[in-house]
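Please look over the sequence and the structure before reading on.

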Amino acid sequence: MSWSNQPQKTWNQRLEIFINPASGKGKSLQIFEQIKPILENHNTAFNVTFTSYAGDLKNRIENIDLSSIDGLVVVGGDGSIHEVINGLMNRQDWEKAIKTPLGIIPGGTSNGLCKTLLEEAGETYNAINATIAITRGNIQPLDILRVQQGDRFYYSILSIAWGLIAAVDIKSDNLRFLGSLKTDIYALWEILKLRHYRGKLSLITADCESPLIIEDDYILLWAMNVPWAAYNLNPAPHSHPTDGNIDVLFVRRGISKFNLIKAFLLCNKGQHLAIPGIEYYKLRGFHLDPQDGEFLAIDGEPISSAPIKVEVLPNLARVFHP
């Protein structure tokens, strides 16, 4: 049944909406104007704030009064949601703040979390359906990943990438105006020159007391909290946002460029795992010591290439869902 044909639940919402005008192709304001009538027709009161620079949203979330609102909504991409989660977790009242429901209106390049939530509900991925999900007021939990690097902590809602995938995320950022095509261009370039990175992985599975340690030369590591890294990339088809696991895909040195290109092309349908050289684990956590290689990213945002420890915080956050 189409959402438009379903009876609408009406309730009074108070939402704080943040618009990131720099997300994706810079069309967040245009997208908001498109979905604004839906909010107005569903007894939704809202205040709109525009973010000005990288980190601005995180700073605002750290200091906002959450007592008078029913949810935080972002018109932007996964990087914006990353800032919201890290802002909430950096508050003194984080244990209560992280339960604030989050809504995502896709305005970025990738929008993997929004795609995940709509896909699981069998709904078409678009800003209209994402907005209707918020107006319905249905809430579900969301795992988040805690990343420790030295004495610093980061929090991830989407992915942790090292090697080729992180290089694509970081280097393609200056081509946002191309939309998802920027990823395709840089992925092909990185595969053609195909670097490898020395590192040590310690994998913590649910059924083993001691970690599985693999020290080797790697092409890439992709650790996913949700199935979709972007609306058109499904690297972790067995993942679920509330299963308490991290789905980790990695590729070691020795894979052919042909197989790597084939895996990338099949990744949009989640059909890449059968390609020789693709290794896939469901984990409770892992440690990564990137002994060689400067590219490491959390939710597409670069961090230093020092060792990290990653663990799941099950069902900690809350999101609006269809």
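## An enclosed strand

Strand S7, which covers residues 159-163, is largely enclosed by the rest of the structure, because 5 of its 5 residues are buried. This description, like those that follow, rests on a predicted model.

The pairing of S7 can be followed to two other strands. With strand S9 (residues 212-224) S7 runs antiparallel, and the two are joined by 5 bridges; within this pairing, Ser159 stands opposite Met224 of S9. With strand S13 (residues 296-298) S7 is again paired in the antiparallel sense, here over 3 bridges, and Trp162 has Leu296 of S13 as its bridge partner.

## Strands that pair with S15

Strand S15, residues 308-320, is joined by 9 bridges to strand S5, residues 139-149, and these two run antiparallel. Strand S12 (residues 285-289) also pairs with S15 in the antiparallel sense, over 4 bridges.

## The nonpolar core

In soluble globular proteins, nonpolar side chains tend to be buried together. Here the largest nonpolar core has 98 residues, and those with the most contacts inside it are Leu72, Ile85, Trp222 and Phe286.

Which residues does Leu72 contact, leaving aside its neighbours within four places in sequence? Among them are Phe18, Ile61, Ile64, Leu66, Val84, Leu88 and Leu102, and the list also includes Glu16, Thr100 and Gly103.

Helix H2 (residues 56-63) and helix H3 (residues 78-89) have axes that come within 8 Å of each other and cross at roughly 35°, and the crossing is right-handed. On the H2 side the contact is made by Asp56, Leu57, Lys58, Ile61 and Glu62, which meet Ser80, Glu83, Val84, Asn86, Gly87 and Leu88 of H3. By class, the residues of this contact comprise 4 nonpolar, 3 polar and 4 charged.

For helix H1 (residues 28-40) and helix H6 (residues 127-136), the axes come within 10 Å and cross at roughly 35°, and this crossing is right-handed. Ile31, Gln34, Ile35, Ile38 and Leu39 of H1 meet Ala127, Ile128, Thr131, Ile132 and Thr135 of H6, and the residues of this contact divide into 7 nonpolar, 3 polar and no charged.

How values were computed. Residues are numbered from 1 along each chain as its sequence is written. This is a predicted model: local features need pLDDT of at least 70, side-chain atom pairs count only at pLDDT 80 or more; totals for chains, interfaces and linings use all residues. Side-chain values use heavy atoms; hydrogens and water are left out. Axes are lines fitted to C-alpha atoms, for helices over the stretch in contact, and angles run from 0 to 180 degrees between N-to-C directions. A crossing is left-handed if the near helix is turned anticlockwise from the far one by less than a right angle, and right-handed if clockwise. Contact means heavy atoms within 4.5 Å. Ala, Val, Leu, Ile, Met, Phe, Trp, Tyr, Cys and Pro count as nonpolar, Asp, Glu, Lys and Arg as charged, and the others, Gly among them, as polar. Buried means under 20% relative accessible area, exposed over 50%, partly exposed in between (1.4 Å probe, protein chains only). Two strands pair if DSSP finds at least two bridges between them. A nonpolar core is a set of buried Ala, Val, Leu, Ile, Met, Phe, Trp, Tyr and Cys residues joined through side-chain atoms within 4.5 Å.
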